[in-house]
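Please examine the sequence and the model shown here before reading on. The explanation moves from the whole chain to a single residue.

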Amino acid sequence: MTVYIAQPSASTKRAAQNRSALEHVFTTINADSCPRSYNFHMHTVCSDGKLRPEVLMQQALNIGLKGLAITDHHSVDGYCIAQHWLNEWWAKNQASDSRLAQAPHLWTGVEINAGVLDTEVHILGYAFDPEHPRMNPYLQGEVVRGKEYQGSQVINAIQQAGGLAVLAHPARYRRRSAAELIPEVARLGIDGIEVYYAYTNPNPWRPSPKKTEQVKELGAKYGLLQTCGTDTHGSSLLLRL
């Protein structure tokens, strides 16, 4: 089945790539931000999730999310479909200021596999220009190998495209601990780390207390931005699975 992916307009591109606005949001994130105010880690059927982008956006509206980013693996197809859906929703609700006020801010997003300290980690990219040539190798639906697989290259590509690079779930990797990985990605110039994350997949979703505190302290030590996300792969934005 062929899926038509409409290209975002100039105005929606500016909003989706507004790095300074996203940086400001990241400075406000706390343990209560996710999953009902902000959510910056989620997947659709365009990678390994179960939600269609349109359904995801309707859930975001129903939940009352203020801001979000779809972070499909090595793809922005889900974002493009979601942005098109949101544009149509805006057009249908132009006559209602109260309805328009409910619309969340949608930023570009992606999750990229990369090598750091001989460990495969996941680096989240936000508010970048998907059409920037530096991002092209990372948006082909599969893991890139060779030089471009290096964490430094992924971080640089996201930043060259105008975006923010964030280490996903720092305390989840088996080969290296958060205490090892966070100083290294900070040295490589990463912008932030995913502080609020539910490592044990609880229901209802809530960030894991001990690991969150450790990651938060390390992030503060290295002056990194703090993000949150459910890492949704299932049918509800309020859960991971």
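The model is predicted. Its protein chain contains 8 helices and 8 strands. The radius of gyration is 17 Å, close to the 18 Å that the globule rule gives for 241 residues, so the chain is as compact as a globular protein of that length. Along the principal axes, the C-alpha trace spans about 50 × 40 × 35 Å.

The interior and the contacts may be considered next. Of the 241 residues in the protein chain, 54% are buried. Among contacts between residues at least 6 apart in sequence, 74% join residues at least 24 apart.

As for the surface, the accessible area of the protein chain comes to about 10900 Å², and carbon and sulfur atoms account for 47% of it. The chain carries 23 positive and 22 negative side chains, and the centres of these two sets lie 4 Å apart.

Attention may now turn to a single position. Ala 198 is located in the loop between β7 (192–196) and α8 (209–221). Leaving aside residues up to four places away in sequence, Ala 198 touches Trp 205, Arg 206, Pro 207 and Ser 208. A distance to Lys 211 can also be given: this residue is 13 residues apart from Ala 198 along the chain, and their C-alpha atoms are separated by 9.2 Å.

Key:
Residues numbered from 1 in each chain as written. Predicted model: local features only at pLDDT ≥ 70, side-chain atom pairs only at ≥ 80, totals over all residues. Heavy atoms only, no water. Helix = DSSP H or I, 4+ residues; strand = E, 2+ residues; numbered from the N terminus. Rg over C-alpha atoms; globule rule 2.2 N^0.38 Å. Buried < 20%, exposed > 50% of the residue type's maximum accessible area, 1.4 Å probe, protein only. Contact = heavy atoms within 4.5 Å. Areas by Shrake-Rupley, 256 points an atom, 1.4 Å probe, with all protein chains shown as cover. Lys, Arg positive; Asp, Glu negative; His and termini not counted. Charge placed at Lys NZ, Arg CZ, Asp CG, Glu CD.
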